[in-house]
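Hello,

Here is the structure I promised to pass on to you.

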Amino acid sequence: MKKDFTPEKELLFLALGGSGEIGMNVNLYGADGKWLMVDLGMTFSGDQYPGVDLVFADLDFIEERTKDLLGIVLTHAHEDHIGAVPYFAEELGVPLYATPFTADLVARKLEEAGLLDTVELNVIEEDHGSFDIGPFNITYIPLAHSIAEGNALLIDTPYGRVFHTGDWKLDEEPIIGEPTTEEELRAIGEEGVLALVCDSTNVFNPNPSGSEGAVHRALMAEVAKHTGRRVLVTTFASNVARLQTLGEVARETGRQLCVAGRSLDRIIEVAQDNGYLQDFPDTVDFDTAMGLPRGEVLIIATGGQGEPRAALARIADENHPLELVRGDVVLFSSRQIPGNELSIGRVMNQLADRGIVMVTDRQSAIHVSGHPGRPELEALYEWLNPEVLIPVHGEIRHMNEQARLGRLCGIPSQVVQKNGDLVRLAPGKPGKVTEVRAGRLVLDGDLITPADGEGVTMRRRIAYEGVVMTVIDAGGVVAVEAMGLPLDEDLEGFYAEAVEDSLKALQKLRGYDAKDQAARSEAVRIATRRAAQRWSGKRPQVRVINLASSD
């Protein structure tokens, strides 16, 4: 590897996103002077970024080397693997590769962004489709997951083969698709696997993730129990197998199907365009659903993560054409994503307050994960027999635990890395070589900006501590105004003390500082902040508007 990080006669791995966190997956492989990107995902913002919806990996490292980037291969269509494509694909300027279902969803994103004719999108039609990109030969290996066409990638290089799992599980009854069999995976292992780059999400689960077939039976039994009641099922829109199941449940329980949520409409359309959900029942509109006897309708709705604008939240808030009343039933056929507990709880409490019955996967087997538990990881280790294990797609605790599991299962080498760690897989002993820049970007309105930039950082501080504006002129303090300080009836007292303290601070200035506008502003800022801390216990952001400085 040259000092500018150009790969030489070697195989390198670099995660820019998805290692040390769950989501925002962006991985790079380097060999013979070239780079290959696997996935280009995003994640959704949390409380740490007020006013921000989407978070991306900082691609600065590869953006500086686009002349050496050959292409972007997408494993499957979940947002944490494809969501950043419309924001960065044009700038990266390389072809995209995906299987048909994923390609269709990506094409729609590109069309919405006005990039469909700008970005090259290659559709890999065949199961186990194979193609060459520079020194890399890529083969799609179908694996079960909670979306249609989940795939691992078998990446052949002059320096060894990598099995990059993407997101996966083992499922003997997958409902949708035909995953690669144990025999086929053992055959890959017998041919030799240098490195297994593997999903760590559910490594602490001592049990297998479970099958979609079992969920089918549980949902059928659960819906059948609630005769005479309106039943709503919320699930991940992208789970085509679950949608197939719910279509069959509606038909077999004598219910009409109603779908609420634009993302569900889009997934159903894309799935049908690509040969899935071909026997999915015709759906009824909201008005028709509300006119049916309560026990003759089954609603599928978005919003199982408590998203405030999604259908379920609006139904819970009685702000949607679809209505639920006391005794009706909501089935949460989805897992609770960490970080969403409060928003999900808010929706559940609204439903409970209205006497609506709720059933989750803790009460009935109406959901299974799309990620492997420990028995599935152990099975894949045995079948592939890799020389090196690289845990990805997890927080540090998940990746460390998978490395430990791999060591217990006899994998010779484990490399725990995080975003920005450049790892050499071959030749020689695998391990971290150096660190490169890795960080986060946020979509703030129409702008993509560093997550640690001044604007976002200041907004977060204001959200936690509030803000005080102090106006001064040549004669002293003119006005003080506070926002976000919980002073209420004490506000006027705080204002008076802040003005008094600021005037005293100005009077203490001597010599050059007494006339220097920057020094005067800083003295007032400190005095105002100290007053605010005495009155509120907060350390707000203080902005001083110095009218004299504009003279």
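Ile175 counts as partly exposed, at 34% relative accessibility. Please keep in mind that this is a predicted model. Ile175 sits in the loop between strand E12 (160-164) and helix H5 (182-191), and its phi is positive, about 70°, although the residue is not a glycine.

Asp32 also has a positive phi without being a glycine, near 50°. You will find Asp32 in the loop between strand E2 (26-31) and strand E3 (34-38); with a relative accessible area of 29%, Asp32 is partly exposed.

One more backbone point: the peptide bond joining Ala426 and Pro427 is cis, with omega about 0°. Pro427 belongs to the loop between strand E21 (421-426) and strand E22 (431-435).

Now to the rings. Searching the whole structure turns up nine aromatic pairs. One of them is Phe13 with Tyr29, a tilted pair with 5.2 Å centre to centre and 55° between the planes. This pair links distant parts of the chain, since Phe13 is in strand E1 (residues 11-17) and Tyr29 in strand E2, 16 residues apart. Phe13 and Tyr29 are both buried.

Phe56 and Phe88 pair edge-to-face, at 5.3 Å centre to centre and 85° between the planes. Phe56 is in strand E5 (residues 54-57) and Phe88 in helix H3 (residues 85-92), so the pair ties together parts that are 32 residues apart in sequence. Phe56 and Phe88 are buried as well.

Finally, Phe5, Trp35 and Phe61 make up one aromatic cluster. Over the ring of Phe61 sits the charged end of Arg65, 4.1 Å from the ring centre.

Best wishes

Technical notes. Residues are numbered from 1 along each chain as its sequence is written. This is a predicted model: local features need pLDDT of at least 70, side-chain atom pairs count only at pLDDT 80 or more; totals for chains, interfaces and linings use all residues. Side-chain values use heavy atoms; hydrogens and water are left out. Helices (H or I, at least four residues) and strands (E, at least two) are DSSP runs, numbered from the N terminus. Buried means under 20% relative accessible area, exposed over 50%, partly exposed in between (1.4 Å probe, protein chains only). Rings of Phe, Tyr and Trp (its six-membered ring) pair if their centres lie within 6.5 Å; planes under 30 degrees apart count as stacked, over 60 as edge-to-face and the rest as tilted. A charge sits over a ring if NZ of Lys or CZ of Arg is within 6 Å of the ring centre and within 35 degrees of the ring normal.
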